[in-house]
Amino acid sequence: MHTQVGIVGGGPSGLLLARLLGLAGIATVVLERRTPQYLRARVRAGLLEQATVDLLTAAGVGERLARERLTHDGVEIAFDGRRHRIDLKGLTGQTVSVYGQAEIQKDLMAAHEAAGSNVVYEAEDVSLHGLTTDRPRLRYHQAGAAQEISCDFIAGCDGFHGVSRQAIPQEVIRIYERTYPFAWLGILSDTLPVNHELIYCNHERGFALCTMRSLTRSRYYLQVSADEDVADWPDERFWSELKRRIPADAARMLETGLSLEKSLAQLRSFVAEPMRHGRLFLAGDAAHIVPPTGAKGLNLAAADVRFLSEALIAYYQVGRTDLLDGYSPRCLARVWKAQRFSWWMTALTHRFPEASAFERRAQAAELSYLIASRAAQTALAENYVGLPIA
Ligand SMILES: Cc1cc2nc3c(=O)[nH]c(=O)nc-3n(C[C@H](O)[C@H](O)[C@H](O)COP(=O)(O)OP(=O)(O)OC[C@H]3O[C@@H](n4cnc5c(N)ncnc54)[C@H](O)[C@@H]3O)c2cc1C
């Protein structure tokens, strides 16, 4: 079997790319190792830049998003028990949208189903071959039977733990990485969000984040040590720790309830360069990971997919190869700016166990500078809403 673009991974990157290429008449096959049920239930990102909303809309999956998203004009930073609002819209003219990644996944899956796209779920043992030839191949097993697809190009959209990045020889890929000495423990509950906008809390017991997925579904996170066990966090312990870390007026308003989901996410900054090897192009978490503090992961994945779809469409429609050649540097310029911002937001809001007294005082000074300076707030706001697409 032959296809034009073989796509490894049916998460947001892979399905969005397949959708944009499909609308341009380019044939794709998506290989995804999980079941549709698993993908629909996976709880992850929730905050979208306007450029991501626009791309999803261009891909024909913006209808429910437009109806159900929550639009946020601002965000709060809390420290020393007080809340300070950053007016995103006033400072940049732009807003951000809250719409769960699981909903985007469902919308993309439904669109592919309706279009009759070739998405193979439960594809096992996917492997990549002949990447530096003009006929790269994908091999996999489906229901025990070996399969092979030859492709013009392969898009590696299989996330951080996928096989695509591993298929690039070590001598041609450079890894930049930082791990953090803590993780995020997240809880999802059908309770009223404590505030209509997000609250990032810097507290001596550790960072906390109040966010949401809808007007009636809340998402809260606590900074915990990297080796924490979720089983040690029954709901009551989570809620009581959250109340201690958020400002008293918010704690009084906090509605608690049964957790629908509870999970631990390690914090990591990671970039693999370049994002292309021969006819393989990496996109999304397969090439880079940011700590979730800046809410940039899914937005960066969407920007990669935009650049890759533009390059592939230009190749198939008018024979251009310059956009394919420029893909990796174009993505990486954006990726590094988002890396810097995510790392900075993490440093600003978290308590680092190994921080010296000097570093703690410098962090406090940075927070007090931020809330007093319009210039500092503008710098935060323009990164938070998303830098212009270049
Ligand atoms: C707690 C948390 C909060 C977050 N909050 C935000 C936020 O608010 N805003 C934001 O922008 N980002 C956020 N992110 C990041 C965001 O979830 C990711 O950046 C996003 O999922 C990347 O999409 P992707 O398609 O590139 O990768 P993934 O979502 O990881 O998808 C990869 C797909 O490939 C499949 N796959 C893997 N290996 C193989 C294989 N060998 N063969 C076939 N298929 C394979 C996987 O099953 C998966 O479906 C958050 C992440 C976490 C963990």
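Predicted model: local features only at pLDDT ≥ 70, side-chain atom pairs only at ≥ 80, totals over all residues.
Which residue of strand 16 does Trp184 stand opposite? Trp184 has Ala265 as the residue facing it in strand 16.

## Ground rules

Residues are numbered from 1 along each chain as its sequence is written, and side-chain values use heavy atoms, with hydrogens and water left out.

## Strand 12 and its two partners

Back to the pair from the opening. Strand 12 (residues 174–189) and strand 16 (residues 259–273) run antiparallel and are joined by 13 bridges. Strands here are DSSP runs of E with at least two residues, helices are runs of H or I with at least four, and both are numbered from the N terminus. Two strands count as paired if DSSP finds at least two bridges between them.

Strand 12 also runs antiparallel to strand 15 (residues 218–225), this time with eight bridges. On that side, Ser189 has Ser218 of strand 15 as its bridge partner.

Elsewhere, three strands make an open sheet in the order 3-7-4, with antiparallel pairing. Strand 3 (47–48) and strand 4 (70–72) sit at the edges with a single partner strand each, so one side of each has no neighbour in the sheet. Strand 7 (residues 96–98) pairs with strand 4 through three bridges in the antiparallel sense. Within strand 7, Ser97 is the bridge partner of Thr71.

## Helix 3 and its inward face

Helix 3 (residues 50–58) has Thr52, Val53, Leu55 and Leu56 as its buried residues. Buried means under 20% relative accessible area, with exposed being over 50% and partly exposed in between (1.4 Å probe, protein chains only). Looking down the axis of helix 3, its buried residues fall within an arc of 165 degrees, so they line one face of the helix. That arc is taken from the directions from the helix axis to the C-beta atoms.

What do the buried residues of helix 3 pack against? Their partners are helix 1 (12–23), strand 3, helix 4 (63–68), strand 7, helix 6 (101–115) and helix 9. Just after helix 3 comes Gly60, with a positive phi of about 80 degrees.

The largest nonpolar core has 69 residues, and Leu16 and Leu31 have the most contacts inside it. A core here is a set of buried Ala, Val, Leu, Ile, Met, Phe, Trp, Tyr and Cys residues joined through side-chain atoms within 4.5 Å. Helix 9 (residues 297–318) gives the most to this core, with eight residues.

Leaving out residues up to four places away in sequence, Leu31 touches Ile7, Val8, Gly9, Gly10, Val120, Ala123, Val126, Leu138, Tyr140 and Ile149. Contact means heavy atoms within 4.5 Å. There is also a second, separate core of 32 residues, which includes Met212, Trp344, Leu367 and Ala376.

Ser164 belongs to the loop between strand 11 (145–156) and strand 12. Ser164 is buried, at a relative accessible area of 0%. Not counting residues up to four places away in sequence, Ser164 touches Val8, Leu128, Gly156, Asp158, Leu280 and Leu282. Ser164 and Val8 are 156 residues apart along the chain, with their C-alpha atoms separated by 7.4 Å.

Asp235 is in helix 7 (residues 235–245) and is buried too, with a relative accessible area of 11%. Its side chain makes a polar contact with the side chain of Ser259 at 2.9 Å. A polar contact is a pair of N or O atoms within 3.5 Å; within protein, one must be able to donate a hydrogen and the other to accept it, and residues adjacent in sequence count only if both atoms are side-chain atoms. Setting aside neighbours within four places in sequence, Asp235 is in contact with Ile187, Gly257, Leu258, Ser259 and Lys262.

## Cysteines

The disulfide count is zero, where a disulfide is a pair of cysteine sulfur atoms within 2.5 Å. For Cys151, the nearest cysteine sulfur is that of Cys157, 12 Å away. For Cys201, the nearest is that of Cys210, at 4.8 Å. Cys151 is buried, with a relative accessible area of 0%, and Cys201 counts as buried at 0% relative accessibility.
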